[in-house]
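Welcome! Here is a short briefing to read alongside the sequence and the 3D view.

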Amino acid sequence: MTEATQPIQRRAIALVSGGLDSMLAVKVMQEQGIEVEGVNFFTGFCVEGHTHAIRKKDKDKDKRNNALWVAEQLGIKMHIIDISEEYKDVVLNPKHGYGANLNPCLDCKIFMVNQATLMINKAREFAGDRGFDFIVTGEVIGQRPKSQRKETMPIISQESGADDRLLRPLCARNLPPTLPEREGWVNREALFDFSGRNRKPQMALAKHFGLDDFAQPAGGCCFLTDESYSNKLADLWKARNERRYELDDIMLLKVGRHLRPEPHYKLIISREEGENRFLEGYRYMFTSITTVSCPGPLALVDGNLESEEEVSQAAAIVARYSKGRVLDEVTLEVRQADGVARQVTVKPAQPDDVPLAWNVG
Amino acid sequence: MTDVIHELDTRRLLCPMPVIKTQNKVRTLATGDCLRVISTDPGSLNDIPAWCRINGHEVLETGEQGHEVYVLLRVGEDNGALF
Ligand code: SF4
């Protein structure tokens, strides 16, 4: 074949979450000779490593980033993109509403495909032939109650701007042919018609490809689907009288025990060494309380302690979670964000002094 | 001649931020440049080398110092910038 008649190498960008479905979708494309690069979006709520990085109970867990690991297994390049700032609007104002918790799945999918669309448009503008031709996702009809229904599939394609450049290889045969299929870049017959929550077909396909190690197959990708986490986020908005957050806020919701004794302040109390170290990093932003006369946790005060009684109340609660909980007195240091510190001595709070209702989340 | 070693401080950031910061920094560097990334997230010891392998960069050294970890890498031929 002369150079002039050689077929153009088609290239796709795949949304890779780190789970099995996107992994299979990429594999199916690779089998068809498509060159794939992965993109993984960091929303701030991703479950990835965060908690295992700091908690002892997760010490022996693989501290691998699943998206990177998947990319390595598949031999594809991976772009990890921080969309946490732009993503706020998705979480705060989801046009299509929330799922069971504060997970705006449908808007999230639209947003991510839209980001990928912008990427391929830009890449085509700058890279010409080296640009990307279409977008691939691991979506399966009927897999998720809200974002992956048959009716929502076209909504994602249209509202994201990807239109028929969005191919879902695992359920493509249940959907109208997309551009890559119509143009013959991929063979529709070799795509799949998976639907529903039954994961057997995916498992069988994984086996066919010889993939036997993959991250938890369904869900678990994002803290917004977690009830306790969503409660903490809702509590944050309520306390601030406004729905907004910064990246630090949502990181801190993943760490420690969160207690709200008064509407205007919350304590974030570390549960172990790793969390202690993590919270240390925030002492320049918050008033913090830590025990001096015995080993104990570090706590951040999110909000204001408005009186001496409240300082004592907060210190007594922190003392309750220290080694000195059975003592008559514990001395703690209360340090302001600017570093000005003083000591207080209190009687540790008793179990009944810390009602369950204070537990946020 | 000693290589110029760029430094990147990702202390206090958790996965995947150290990788994202590394990726974004590498995109500003030239082939052959060296970058030393310091992190307090132990996961960085897996993730940054994995990211390097995927994207064709060489890991020269990794290590731990107290609660910190570091990765020294050399930028490969393609720094990964899309545009
Ligand atoms: S679970 Fe989270 S990341 Fe996944 S689609 Fe829903 S909101 Fe988006």
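Is Glu85(A) buried or exposed? Glu85(A) is exposed, with a relative accessible area of 52%. Please keep in mind that this is a predicted model. The points below start with chain A as a whole, move on to strands and charged pairs, and end with chain B.

**Chain A as a whole**

- Chain A contains 12 helices and 11 strands.
- The C-alpha trace of chain A spans about 85 × 40 × 40 Å along its principal axes.
- Chain A has 361 residues, and 54% of them count as buried.
- If you take the contacts in chain A between residues at least 6 apart in sequence, 65% of them join residues at least 24 apart.

**Strand E9(A) and its partners**

- Strand E9 of chain A covers residues 298–303, and five of its six residues are buried, so E9(A) is largely enclosed by the rest of the structure.
- One partner is strand E7 of chain A (residues 265–269), which pairs with E9(A) in the antiparallel sense over five bridges.
- To find this pairing on screen, look for Ile269(A), which stands opposite Ala299(A) in E9(A).
- Strand E8 of chain A (residues 287–291) also runs antiparallel to E9(A), and four bridges join the two.
- Here you can look for Thr287(A), whose bridge partner in E9(A) is Val301(A).
- E8(A) and E9(A) form a hairpin, with six residues between them.
- A handy idea for looking at strands is that in a regular strand the side chains alternate between the two faces of the sheet.

- Strand E10 (residues 330–335) and strand E11 (residues 341–346) of chain A run antiparallel and are joined by six bridges.
- Within this pairing, Leu332(A) has Val344(A) in E11(A) as its bridge partner.
- Five residues lie between the two strands of this hairpin, where Gly339(A) takes a positive phi near 100°.

**Charged pairs in chain A**

- Side chains of opposite charge can pair when their charged atoms come close.
- Counted over all chains, there are 26 salt bridges.
- Glu85(A), the residue from the opening question, meets Lys88(A) in a salt bridge between their side chains, at 3.1 Å from N to O.
- Glu85(A) and Lys88(A) are three residues apart in helix H4 of chain A (residues 84–92), so about one helical turn separates them.
- While Glu85(A) is exposed, Lys88(A) counts as buried at 11% relative accessibility.
- Arg188(A) and Glu181(A) form another salt bridge through their side chains, with 2.7 Å from N to O.
- In that pair, Arg188(A) is partly exposed at 22% relative accessibility, whereas Glu181(A) is buried at 8%.
- The side chains of Asp249(A) and Arg240(A) meet in a salt bridge too, at 2.9 Å from N to O.
- Asp249(A) counts as buried at 9% relative accessibility, and Arg240(A) counts as partly exposed at 23%.
- Salt bridges can also share partners, and in this way Arg11(A), Glu35(A) and Glu37(A) are joined into one network.

**Cysteines**

- How many disulfides are there over all chains? The count comes to zero.
- Cys171(A) shows why a bond is ruled out there: its closest cysteine sulfur, in Cys105(A), is 16 Å away, which is too far.
- Cys171(A) is buried, with 0% relative accessibility.
- Cys222(A) is buried as well, with a relative accessible area of 16%.

**Where chain A meets chain B**

- At the interface, 29 residues of chain A are in contact with 24 residues of chain B.
- The area buried between the two chains is about 2,400 Å², and carbon and sulfur atoms give 67% of it.
- Two salt bridges are found across the interface of chain A and chain B.
- A salt bridge joins the side chains of Lys77(A) and Asp78(B), with 2.6 Å from N to O.

**A record for chain B**

- An unreviewed UniProt entry carries the annotation "domain: UPF0033" for residues 6–73 of chain B.
- Over residues 6–73, chain B is 32% helix and 37% strand.
- The end C-alpha atoms of that stretch of chain B are 10 Å apart.

Methods: Residues are numbered from 1 along each chain as its sequence is written. Chains are lettered from A and ligands numbered from 1 in the order in which they are written. This is a predicted model: local features need pLDDT of at least 70, side-chain atom pairs count only at pLDDT 80 or more; totals for chains, interfaces and linings use all residues. Side-chain values use heavy atoms; hydrogens and water are left out. UniProt positions are given in the numbering used here, feature names are shortened, and annotations may be inferred rather than shown by experiment. A disulfide is a pair of cysteine sulfur atoms within 2.5 Å. Buried means under 20% relative accessible area, exposed over 50%, partly exposed in between (1.4 Å probe, protein chains only). Two strands pair if DSSP finds at least two bridges between them. Contact means heavy atoms within 4.5 Å. Buried area is the accessible area (1.4 Å probe) that two parts lose on being put together, summed over both. A salt bridge is a side-chain nitrogen of Lys or Arg within 4 Å of a carboxyl oxygen of Asp or Glu.
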